[in-house]
Structures are given as structure tokens and as C-alpha cells.
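Dear colleague,

Here is the structure I said I would pass on. My notes on it are below.

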Amino acid sequence: MTSPNGLVCFTNCLLPTEDGNLVQKDLWIDERRGVILDSQRTFFQRKERPDRVIDLGGNILSPGFLDIQINGAYNFDFSVYDGDDEAYLAGLRRVGERIVETGVTSLLPTIITQERSLYPKLLHLLRPYSAPNSATLLGWHAEGPFIQFAKRGAHAPQFLVPAKEEIKSFEDVYGKENLAETEDWLMAGDGPDSVGVRVITAAPEVDGVMATVPELVRRGIVFSIGHSIATTDIATAAVQRGARLITHLFNAMPQLHHRDPSIIGLLGASPSSSTSPSPTQPAFPAISTLHRVPSVVKRAAAQAGPQATSEAFDDAQTPPQTPILRAQEGFGLGLHKDDQAEPAFERPFYELIVDGIHSHPNSVRLAYSAFPDRCILITDAMKILDPNLHDGVHEWRDGKRFVKAGDRLFLEGTDTLAGSVVTLDKCVRNFTRFTGCALGEALRCATLNPARCLGLAHRKGTLRPGADADLVVLDRAGNVLSTWVAGHEVWTRKH
């Protein structure tokens with residue numbers, strides 16, 4: 001059903017505000033252009049009212065969800081390419097068309113560490129894509145191969161590499177055309193209005209990576225710290241150079257230690273410890289030889305082959321490092337409650353997998369309490385993600401099989417936890433239970449915050465006039481009732 005004049009009014013609904021509240025208010029959209037309207041301006045300047053009014057019965061009308069780290073879904077793995085471009089693109093389309101049932105209207109396909117010759121082809125195929133009945137595929141998230149062996153998770157160890165030639169190493173692996181400046185990269189997209197983003201997860205302590213961060217950022221690529229044993233000083237230096245995101249917080253990184261809080265400690269970065277080191281100190285310390293992995297261990301890991309587990313799981317112990325930066329004297333003291341100092345750099349956004357498996361509810365609440373403003377919910381889902389999939393045994397790859405039990409995945413024949421198949425809408429519901437926050441605050445972590453991180457808050461994750469009319473209707477318990485992309489309903493729950 002369409003509106004004769006193209007204008008649609010959603011009424012009797014609650015709208016999330018950008019500060020995390022829910023307010024009762026109407027929302028107008030133009031379904032022909034697929035954008036959200038300023039109702040006052042449309043009425044007074046265009047002298048028009050919507051011909052179609054949709055009563056949402058007191059339910060919630062939210063911006064559509066953005067999943068910025070997802071490895072696959074609906075039996076398609078973004079990291080697997082069998083030499084057939086059309087088959088790969090068909091898999092992408094299938095994920096985009098079906099994932100809308102979970103409220104996701106934009107996603108960032110993520111590929112884990114691959115044999116280097118595959119990257120140029122995969123990243124070329126993962127160009128931005130949009131279709132009338134599909135979630136928008138925003139571009140790509142390359143997780144690896146410039147990551148730390150000791151925190152590799154399920155990443156194939158034989159394909160991990162350093163960046164000894166800095167940006168040239170990145171271009172040699174990913175393909176120079178895939179690392180072009182944003183405007184040039186988008187030129188081959190759907191047109192001048194194309195929305196596209198690129199994210200690279202890498203470990204800043206790996207040879208050559210830290211020096212490459214500023215150039216990647218200059219080209220419009222979001223640099224994320226992950227699969228890393230970076231000390232506090234190294235992690236801080238990476239953020240000062242432009243790192244904007246932390247990949248799946250708590251997972252595949254050193255755990256919080258009071259003397260060296262490492263990557264997790266960036267959420268509570270102290271103003272007194274964010275100054276530059278003295279000229280006699282190195283910009284960041286060398287990694288301790290305790291972290292060097294014998295070649296025999298690397299060979300054994302390579303021979304074991306791909307691990308049937310979440311790429312984020314990694315229980316390798318890494319000892320804390322001795323801090324090199326000291327609290328500085330002469331720091332100005334605030335005399336009033338509102339005189340709260342901030343670090344000399346912007347603290348990064350951080351991802352959380354809120355399935356109750358990758359991180360304990362207490363850890364989720366601790367992170368959100370420390371820094372709610374930049375929390376992002378992700379699924380980090382594997383190809384078996386499908387809310388309609390029954391419990392039981394399912395194929396993975398390389399002859400390995402999973403046992404699905406609710407949201408949990410186990411390696412067949414063992415009690416080894418391999419990950420989860422949680423959907424983003426369930427992450428939102430879990431987040432409200434784990435943290436005690438309001439539903440509007442949880443929605444912000446799946447909508448506006450990821451859009452802000454990717455520089456898309458003018459188009460995605462918001463109900464601002466002029467933004468894309470990508471919407472999800474939720475009941476008051478956070479269950480998805482219907483999903484809209486570019487002003488058109490693409491999925492509705494069957495009663």
C-alpha cells in the first residue's frame with residue numbers, strides 16, 4: 001500500500017530521542033524519496049498532509065539497526081569465496097534481504113584473516129550495495145591479517161602478517177584501489193549519493209601498524225584496535241593518531257589490570273595520563289619478549305587449521321606491562337562539579353557482543369557505566385545466524401559441525417563453546433537487562449552510536465529530517481514487529 005502523495009505519517013507511537021529517551025510524537029516520511037521529513041516545514045511550506053496515516057498502537061518507532069561487525073548469516077560466510085562472483089553476490093543479497101527480520105537495516109560485512117590473494121577480490125565485491133527490499137550493505141570491515149598472534153582467536157595463524165612497509169604493506173594485502181581516498185572509492189558505487197564505509201581492525205603493536213594509522217584515517221578508513229596485546233601506552237598512542245573504535249571489547253585483548261588497564265582502560269582514560277611522553281622516552285614501549293611466540297607453536301597452530309569457534313574467543317594469558325607514562329605535575333584542578341576535565345584526545349567508540357556468552361553481564365554494565373556515550377552493540381555473527389534455525393547439528397566448514405542450543409553454539413562431540421547466534425534485536429533486549437538502562441538508551445547503542453562512529457549520523461541511525469527512512473517498529477518489550485527501508489515496509493511479523 002502506498003500513499004497517493006507519497007507522504008506517510010506514523011502516529012500513536014514512541015520515538016527514541018538522541019539522548020536515549022522515548023517521546024510520544026508523530027513521524028512523517030516521504031516514501032518516494034525514502035527520507036524522513038520535518039513535519040512542520042512540510043505542512044507550512046508545501047501545504048501538504050500525509051495521505052497515508054499509520055497508527056502504531058503505542059509501539060516504538062526506532063531508526064533501523066546498524067550491525068558494523070557481522071561475519072555472515074543465513075548460511076553465507078562473507079569470508080568464503082569459491083571463485084564464483086555471482087554466487088558470492090547472491091549470498092550477499094540473501095543476507096541483506098533476510099536480516100531485516102531482526103531490525104537491521106544497514107550492515108558492514110566483516111571478513112576475518114584470509115590468504116592474502118583473496119583480499120583484493122573480496123573487498124571489491126563488498127562495495128556498498130542497496131536494493132528496495134534489502135538492508136543496505138555499507139562496505140566492508142577487514143578484521144586482520146595485521147593482528148597479534150597471541151590474540152588471534154579463530155584467525156588462521158599462517159596468514160597473519162606484519163606491516164613492515166607501513167601503508168604499502170596494507171595496499172599490497174588489501175589492494176591499492178580498495179584503500180583509495182573515500183571520494184575516489186565511492187566513485188564506482190551506486191552514484192554520487194552512495195553511502196559507503198571501510199573499517200580495518202588491526203593491532204597497533206604489530207610492526208608498521210602504528211605508523212600507518214594516520215594515513216588510513218586520512219583516506220577515510222575507520223581504524224579499530226583489536227586482536228591486540230597493546231599496553232596502555234600503545235593503545236593511547238593509537239587513539240591519539242586517529243584510531244576511532246575498539247573491536248569487541250573484552251575479547252581478544254588483555255584483561256583489565258590495575259597497573260596496566262591496556263585497551264579496556266581507554267574507556268576511563270585519565271586526563272593526567274594522556275599527555276605526550278618526554279623527549280627522552282620512546283613514543284611507546286616495545287612489546288615484551290614474553291609475548292614472542294616460538295615458531296614451533298605457530299606451525300602447530302597452522303597445522304590445526306581453522307578453528308570452529310567465534311573469532312573473538314581467545315583465552316591466551318598476557319601479563320600486564322609496566323606503564324611508561326606518569327601522571328603529570330601542574331595539572332589544573334577543577335574547583336566546581338561541572339569542571340570535569342577530559343583527556344587530550346577523544347575516547348574511542350567500543351563494540352560489545354551482548355549475548356551473555358562473550359562477556360558477562362557485569363562486564364557489560366561496567367563498560368557502559370564507564371563510558372555510555374560511545375557504546376556500540378554488535379553481533380559478530382557467524383554464517384549460522386538465522387532466528388528461524390532449529391536447534392541441532394549444522395555444518396560449518398572444513399568438515400566441522402556445530403550443535404546449536406538456543407543462542408549458543410558448541411563444537412560437535414564436545415562441550416567447547418564456539419560462539420553464539422544472537423541477533424541484534426536480542427542484543428538490545430539483553431543490554432537493557434544486563435545494564436538496567438532504559439530501552440531508548442539501548443536503542444541508541446544499535447542506531448545512532450554506530451552511525452556516529454562511521455560518520456553516517458546525517459543519514460543512518462537517526463530520525464532527523466533528511467535522514468534515510470530506515471525504520472524498525474518494536475513493541476514495548478523490544479521485539480521487532482516490522483522493518484522499513486528507504487520508506488517502504490520490507491518485513492512484517494506474521495501473527
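The notes cover aromatic pairs, charges over rings, and one threonine.

Please keep in mind that this is a predicted model.

Aromatic pairs. The structure holds twelve of them. Phe146 lies in the loop between strand E13 (139-143) and helix H4 (167-174), while Phe170 is in helix H4. The two are 24 residues apart, and the pair links distant parts of the chain. Phe146 has 0% relative accessibility and therefore counts as buried; Phe170, also at 0%, counts as buried too. Phe146 and Phe170 belong to one aromatic cluster together with Tyr119, Trp140 and Tyr174.

Charges over rings. Arg152 lies over the face of Phe149, 4.2 Å from the ring centre. The charged end of Arg347 is placed over the ring of Phe371, at 3.9 Å from its centre.

Thr136. This residue is found in strand E12 (residues 136-137). With a relative accessible area of 10%, Thr136 is buried, because buried means under 20%. Leaving aside residues up to four places away in sequence, Thr136 touches Thr105, Ser106, Leu107, Tyr129, Ser130 and Lys460.

Regards

Note on methods:
Residues are numbered from 1 along each chain as its sequence is written. This is a predicted model: local features need pLDDT of at least 70, side-chain atom pairs count only at pLDDT 80 or more; totals for chains, interfaces and linings use all residues. Side-chain values use heavy atoms; hydrogens and water are left out. Helices (H or I, at least four residues) and strands (E, at least two) are DSSP runs, numbered from the N terminus. Buried means under 20% relative accessible area, exposed over 50%, partly exposed in between (1.4 Å probe, protein chains only). Contact means heavy atoms within 4.5 Å. Rings of Phe, Tyr and Trp (its six-membered ring) pair if their centres lie within 6.5 Å; planes under 30 degrees apart count as stacked, over 60 as edge-to-face and the rest as tilted. A charge sits over a ring if NZ of Lys or CZ of Arg is within 6 Å of the ring centre and within 35 degrees of the ring normal.
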